Each structure stands twice: as C-alpha cells, then as structure tokens.
Amino acid sequence: MGNAVLRKEDPDLLTGEARYVGDMTPPGTVHVVFVRSVMAHARIAAVDTEAARSAPGVVGVYTAADVPIAPQQLFIMLPPELTRLPLTDKARYVGDPIAAVVAESRAAAVDAAELVEVDYDPLPAVIDPFEALEPDAPVVIEAHGSNQAIVFASTADPDAMSGHDEVVTARFVNHRMSGAPIEPSAALAAPADGGAVTLWCTSQRPHEVRDVVAAALEAPPHEVRVIAPAVGGGFGSKAVVYPEFIMVTWLARHLGRPVKWVETRSENLVNMSQGRDHVHDVELGLSADGTFRWIRINVTANVGAYPAIGAFLPFFTMLMASGPYRIPAVHYEAVAAITNTTPVAAFRGAGRPEATVTLERIVDLAAGKLGIDPAELRRRNLLAPTDFPLTTPTGANMDCGEYARALGLALETAGYDELRAEQARRRAGGSRKLLGIGVSSYVEITAVGLFNEFGSVTVDLDGTITARVGTASHGQGHATAFSQILGEVLGVPAEQVRVIHSDTGEVPRGTGTVASRSLQIGGSAVFTAANEVLETARRLAASLLEADRDDIVVAPGGLAVAGVPARTVSWADLAAAAASDDLPAGVEPGGLAAETDFNQGESSYPFGAHVSVVEIDADTGDTRVLRHVAVDDCGRILNPLLVQGQVHGGVATGISQALYEETTYGSDGNPRNTNFADYAIPAASELPRFETAHTETPTPLNPLGAKGVGESGTIGSTPAVQSAVLDALAPLGIDHLDMPFTPQRVWRAIAAAS
C-alpha cells in the first residue's frame, strides 16, 4: 500500500470487454419507452393509448391505472405523503413519466410512444423556491398541503452573536447543475424461476435498489437480484432509485420476458436527478483585526418536484457551516422547497460545496472590507491541530486536521507572492487581460451517517484470493485498491486477487458507493477480513510446518517460517488444509475465509486548500483558468495514482460549475438545457494542467488511516475559481457576481461597471 499501482480495471474498459447495461440484450428482450410530460404542472385528464396499442410490434401500453405498484417512499425523514409512483396521473415536472410503451424493438416503441395522446389540464407552475413557499403558491403535491418539504436549524444564543466590529452581508446563489454522466440511466430486467427477477441497472447502490424495488413490488428482497455491471460515471445522480427501474422490473415479471430501457441524452437532462440549487443569505460578524466572531446562514433549497435525499442535503451544509475556521457562534436555518422542476439529489459534494462556496465568498468580501489579504485572513482564523477532536457549533464531530499546513503548501506551490506581483504590474499597465488569483480553504465530511460496510475474504482451493465488498465501483478503481490491501496483508500479487462487488446475488449486503466512503469503510472491511484470514492461515501453516505460530510470516506465494524461506506453504495448500477434517486448535471448519461488517462509528473530515489563477479578456468576457493548484488531505494515501485521478475529476467538476454548467428553466417550468448544445460541459482541452500536492493526516477512525477523496477536488476548486474571477474584476468595482461566469455574464458586468 502507498504505491502508484496502475488500475487493473482499465484494460477491459479500453478494449471494450467491459459490459454496460446498454450492451446487454438477452433473447426475447422487449424494449420500453416512456411517454413523458411536456408540461411542468398539469392534471392528466385522459391518456389515449388506442393507436399506440395497435401499432406494429407493440406488446403493451401502460398508464398509472394499469400498474398495481406500491408508492415509493423517497427518503426516510420525509413525511409519508411525499411518495412517488412509477407512472403519474398528475405531471409535476417536464419529464415526469406518464405512460410506458413496450415493443419488440426500440424503434417500434419510439414510434408507438409518439401515438399516445395525453389530455392535459394545465395548472400554474412554480419554479422559484421563494415563490413556492408563499402561502398562495400552487401546491405541487396536494396530499402534503404545502411546498415546504423539511426544515433544519441550529440556533445560536443571541448573546453569542456579538463582539464584532464589522458585519458583512451578502446573498449567494449556488446554481442548479445536471449530473450528466457519460452513460445515461439504463435498466434491464429478466424474469427467473419462481417469480424471481434479475435487474441490471446503472447504480451506485445495488442493495438499495434491491430493497426499494422489492418493497414497491411487495416481493421479498431475495426474489430481486440487482447487478450493476460496468457503470459510466455516477457523481451521486446514480445513487437514486429511479421509478423506471421499478417499472422495468414489474414489466419483466408481468410479461415474463426481459425488458430493457436505455435513457436518451435529452431524457437524461430532464429526468436524471440534478444538483445544488441553493440560495444562501449570509452575515459574518468579525472584529477589526479580522477575527471571526459569528456567522448567520439562511438557506433556501429548491429540491424539485419529488423531494428525496435532496431535501436532506441542507443538513450536510449545516454540519459544514463553520468550515475549517474557528467561529464561536453559528446560527443556521434552512428550508427545502418543492417546485415544478426535476428532482434534486446528491451531486458530487452533496451539500458540502454549497457550504464552502458560501464561506469562502463571505471571507473574500470581509477581506476586501478590512483591507486584509484574503489568504492572510483565512490563516488567522483556521483551526489548529491542537483543536481536535472537535465538535463544531452545528454538531460536526471532526477527527483531525492541519489546515494551515495545507494552505501554506498551496500558496507556496502556486508562488502566491509572485502572482500578486504580476497582478500588480498588469493593473498598473492598464492591461485588458485581467489577472485574478483565488484562494480557498475547505474541510468536508465523508461517510456521513454511512459508517458500516460488508467485506469478506476467501482463499479458494486454487490459491485465488476472492474479496467481496458492499461498495460499488463506477470508475474509482476499487478492484485495484482492494487488491493492494490484500497484497499488503497476504502478500499476493494483483493477478491472484478477484474482487466481487455490485451484485446482490454475490454480496449479501452493502451500502454502496456514496459520500466518499469506499476505501475508508469498504477498504477497512476488506483489510479487517484479510487479517482474520491471515491469523487462521498462520495457525494452519504452523501445524503444517511444525513451527510456532508466532514464527509464521508472509512469504512470496504463501506463508513460511521466519528466516527459513525454503519452508513455505502455498495459499492453495492452506485452503486445502482448511477444508480438511483434521484442523488444528483455534481453526473453525468452513474453509479459509472471514467476513465482517466494519463500522467506523463516525465521519471523517478531509480538508485542503486550492489556488486558482484566471485571465479575463475585458473586451469579450472570456474567462480562462491559467493554473489550478490543489492541495488535498485525504488521510493516509493508499494509491497516489487513484487519488490523483479522483482529484483531477473533482477539480474538473468544480471548474465547470464555476465557468460553464448551469441548468435553467423558463417561467412556465420548461427546461432550457435538454442537450449538450445547450448544456455546456468543458472538454479536457478547455482546462489547464492541474497541479496537485498532498498532505497526509491519518484519521484514527479506521485501520487504514484513510479519509475520502472523491469529492474533495470539487469542494475546493469551485470557490477558488469564483474567488479568482471576482479578484480579477475587483478593480472595476464589481464586488460580486453569481456563477457560472460565462463570457456573456462577465462581459455584461464589465460593461455595466464601465
């Protein structure tokens, strides 16, 4: 462990051997296409399916009245009336599925779906979360009685909100984004004997899909097997159990045939869960020397038409409300509003980027007001290593951190003083190429509330080591990382290791891959099980080699007596010995295997600091990132190559949020971004070469000392780019501008200031 090992998954991905759901078409497969609402809010007066049913190749057409499926509870903390059916009789957003058309071919299903006539009874649509919370607003889900899904609050003593010399006040918009993975959603269900069914789908949480689908079908979980094969990106959007998954599974059981659905890109951009969409009203109280005294944050979150985990994300924002800073008093209030837009769920960072963008922006405004360098103001208020472990005012139980060290390394790597000098030269010369330097310091929470994971290790009779784990890989490199753990503990090469995941038929339980938890929780489960196997194997080897157990050590190919490498027993021989009837004392029958449910017990808190350098063409508003320095601390680093890949992906997402991506709606609820011509995602050529560095502060919470890293790059990068853009515009008198910083938005701000 600790070495930059190449990913063992990549050859299959690069050569096309990996199988995605879209690649699978069992004999007898029929295809389903969903008829989706073209209105944001309307009662469905009638659905005429007669022409579609008579179309060539059509197997069946189904509406809500035809499908006896139990309502899908979307999140355990939400009221029970906020449930969802796979097909609706009232449209609540553009894209809401109304009918399902099943045909022998996808083309036939598409043609027939166009023949379905929906009679809409239009209702007023509510898009803005503030308008949705007004007493006279149209109610999206009538059974709930209002558009308020849930509220969170962490109040501060009014007396604590004092001791300040200055108060900085602002409103920040964290705009809506689409997950937009390279692979849209897909599902394939095939019936099996005895009413059982197998569902292949694009999911980060196969066991969650199994449980939700089984509950909706009122079937026992063991009758629903869920497999997530190769998955082309997730980013939180594939942690959702989509109603289409339930519908496809029901259809397979109902028709007795395999049923397949593959989402189009236009469907994906209106139907796959979206992210962010927070408005934060913020006040920061601080003393004249820049010491933070208190902060007040009021959050209004747009959670879309069907509130689920998206309604809970303001809770994560609350936990991170004070970030890496020493802020004695925090007053936080949040409300999640239901609107006639696509549902919001987790998206890379999930509540933590929203907190960090708000904190870092208000800190920049405070630095400008006090005339203190923004990096220096951060340094003065960062928590110190001796402050940990720490419970923050909003209830985050932080494990450890060296925040000033990460900030110092980021500034040093970027050459911060030299950058400021270059900026001063440009400004003095009146350059129309505006240089901006942005700094962000962040801390985030990983594995929040999801502390438990299954892991098992088995030595097969041929000497192969098989690990089963409840996490689900969709690009992170789990097979590589878990093979490294087994190599460290058992001394076996990667080609001798088999890692099984993402299959509820092979792995009995699991939480999946969300919240940057896989290595710290799933990896620790594999590590723990491997050590239990090693202990059993040492007892077996001691018996076979007639040696003392304490003298048995790991050797190439198996176990040996310390100092006597010639006396080695292979893993195959050890597995055979474990399967025999003649077992030494302390070895239980059942083969050479161990399983565990590792429980970390608490969240870990990765942290870091980013520096971004941008250049703005004052004549066109075109903004380019020239450099981006990312220093991230994810505890002990198992594989630097995997960590660098995660940071690169995260930084790309964060820069894209700042400069490119935005999901928007018209006043009638019609989405404006339904393809990649209208929804901007940068290519690699539009991003700089990222400069990465790391500090390592191992967490005491797990045996690997690892924290999460999958979302850190996103959380640190967005505010750094935002800070850099507004730093470049500051001499023009522009003190704030909401993201994304498109050329049009930046040019208009420059023109207005001029």
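The largest cavity in this predicted model is lined by M1, L519, R636, I637, L638, L704 and A706. Its volume is about 50 Å³. The model holds two cavities of 30 Å³ or more.

**Largest cavity**
- Sorted by class, the lining of the largest cavity has six nonpolar residues, no polar residues and one charged residue.
- Among the lining residues of the largest cavity are M1, R636 and L704.

**Second largest cavity**
- Around the second largest cavity stand R276, H278, A301, N302, V303, G310, L313, V344 and E354.
- Three elements each give at least two residues to the lining of the second largest cavity: β15 (274-286), β16 (292-302) and α8 (309-319).
- The lining of the second largest cavity is made up of four nonpolar, three polar and two charged residues.

- Nonpolar side chains tend to be buried together in soluble globular proteins.
- The largest nonpolar core has 79 residues, and the ones that touch the most other members are F292, I295, M320, I362, M398, Y403 and V611.
- Helix α9 (residues 352-370) contributes the most to this core, namely seven residues.
- Which residues is I362 in contact with, leaving aside its neighbours within four places in sequence? They are V168, T169, A170, F172, V282, L284 and I295.
- Another core, of 43 residues, lies apart from the largest one and includes V499, L540, V561 and L592.

Key:
Residues numbered from 1 in each chain as written. Predicted model: local features only at pLDDT ≥ 70, side-chain atom pairs only at ≥ 80, totals over all residues. Heavy atoms only, no water. 1 Å grid on protein atoms, 1.4 Å probe; cavity = no way out; pocket = protein on both sides within 12 Å on 5 of 7 lines; lining within 4 Å. Points joined across faces, edges and corners; volume = space filled by probe spheres on them. Nonpolar A, V, L, I, M, F, W, Y, C, P; charged D, E, K, R; others polar. Helix = DSSP H or I, 4+ residues; strand = E, 2+ residues; numbered from the N terminus. Core = buried A, V, L, I, M, F, W, Y, C linked by side-chain atoms within 4.5 Å. Buried < 20%, exposed > 50% of the residue type's maximum accessible area, 1.4 Å probe, protein only. Contact = heavy atoms within 4.5 Å.
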